[in-house]
Amino acid sequence: MNRPLVITDCDEVLLHMVSHFKNWLDEEQEVTFKMNGGDFANALRRKDNDEPVEQTEIWRLLNLFFDYEMDRQTEIPGASAALAAIGENADVVVLTNLLDHRRDQRTQQLATHGINVPVFTNQGPKGLAIRSILDEYKPSRAIFIDDLAQHHASAFEQTPEVGRLHFVGEPTLAPHIPCARQAGHADARIDRWDEALPWLLTRLHKEPASIERTHDEA
């Protein structure tokens with residue numbers, strides 16, 4: 001039987017991104033970043049007039065950040081140790097929504113944090129990309145981890161057999177992200193690796209009938 005598989009996002013799951021993006025915008029782009037609710041589109045505002053940054057400009061700034069500023073990103077506490085523990089008895093891959101030409105850059109970035117795993121890039125909803133990874137690895141069971149609720153909805157639609165953990169490791173962002181568990185698209189919402197790791201190991205290695213419901217699933 002093939003090993004279990006964990007498919008995990010990177011930004012706000014393994015590495016902090018928004019906090020460093022916010023600092024870079026303030027320091028070099030004369031733009032402020034302040035989340036109000038879950039509306040990312042209105043979070044970026046110009047310092048000189050407080051006008052929202054246009055959508056096309058937001059994408060330009062994000063691309064600039066990932067082109068030149070990825071070395072700012074720091075590890076979500078406990079991420080690398082948790083993946084090492086999972087990797088003792090399961091395969092781990094990263095599925096990140098970056099343009100394909102940044103795959104090697106992301107792979108190298110993660111390696112500097114002690115995370116040496118295959119990286120898959122994707123644009124848009126992640127459900128079909130998860131299906132493609134499952135077809136390649138043919139795992140005995142699989143769990144998907146991501147910080148954005150829409151990706152859990154996509155996974156729920158395309159790969160309902162996969163376990164789903166909603167994880168937002170950036171504490172300033174977590175309160176503003178709609179909960180995929182509450183929407184019925186994730187099995188749990190856990191935002192700390194010291195709490196997520198036991199849940200993941202149980203789900204990966206125990207028979208489904210023997211898994212006890214946690215407070216996150218109730």
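Which residues of helix 6 are buried? Keep that one in mind; the tour comes back to it after a look at the whole chain.

**Before you start**

This is a predicted model, in which local features need pLDDT of at least 70 and side-chain atom pairs count only at pLDDT 80 or more, while totals for chains, interfaces and linings use all residues. Residues are numbered from 1 along each chain as its sequence is written, and side-chain values use heavy atoms, with hydrogens and water left out.

**Stop 1: the whole chain**

Show the protein chain as a cartoon and you will find 7 helices and 8 strands. Helices here are DSSP runs of H or I with at least four residues, strands are runs of E with at least two, and both are numbered from the N terminus. Along the principal axes, the C-alpha atoms fill a box of roughly 60 × 35 × 30 Å. The radius of gyration is 17 Å, which agrees with the value near 17 Å that a compact globule of 218 residues would have; it is taken over C-alpha atoms, and the globule rule is 2.2 Å times the number of residues to the power 0.38.

Buried residues make up 46% of the 218, where buried means under 20% relative accessible area, exposed means over 50%, and partly exposed is in between (1.4 Å probe, protein chains only). Of the contacts with a separation of 6 or more, 65% join residues 24 or more positions apart; a contact means heavy atoms within 4.5 Å.

**Stop 2: helix 6**

Select residues 149–158, which form helix 6. Here is the reply to the opening question: Ala149, His151, His152, Ser154 and Ala155 are buried.

**Stop 3: the largest pocket**

Helix 6 and helix 2 (55–68) each supply at least two residues of the lining of the largest pocket. Helix 2 gives the most, with 6 residues. The volume of this pocket is about 960 Å³. Of its 34 lining residues, select Phe40, Trp59, Leu62, Asn97 and Leu148, the closest to the centre.

A pocket is found on a 1 Å grid over the protein atoms alone, as an open set of points where a 1.4 Å probe fits, with protein on both sides within 12 Å along at least five of seven lines; lining residues have an atom within 4 Å of a point. Grid points are joined across faces, edges and corners, and the volume is the space filled by probe spheres set on the points.

**Stop 4**

Go to Leu110 in helix 4 (residues 103–112). Leu110 counts as buried because its relative accessible area is 0%. Beyond its neighbours within four places in sequence, Leu110 is in contact with Cys10, Leu14, Leu15, Val94, Ile115 and Val119.

Next, pick Leu197 in helix 7 (residues 193–205). Leu197 is buried too, with a relative accessible area of 18%. Leaving out residues up to four places away in sequence, Leu197 touches Ala82, Ala85 and Ile86.

**Stop 4: loops**

Where does Glu12 lie? Look in the loop between strand 1 (5–8) and helix 1 (18–28). Glu12 is buried at 3% relative accessibility, and its phi is positive, about 70°, although it is not a glycine. Most residues other than glycine have a negative phi. Glu30, in the loop between helix 1 and strand 2 (31–33), also has a positive phi, near 55°.

Finish at Asn89, in the loop between helix 3 (79–87) and strand 4 (91–96). Asn89 is partly exposed, with a relative accessible area of 46%. Not counting residues up to four places away in sequence, Asn89 touches Arg3, Pro4 and His205. Draw a distance from Asn89 to Arg3: these residues are 86 apart along the chain, yet their C-alpha atoms are separated by 7.0 Å.
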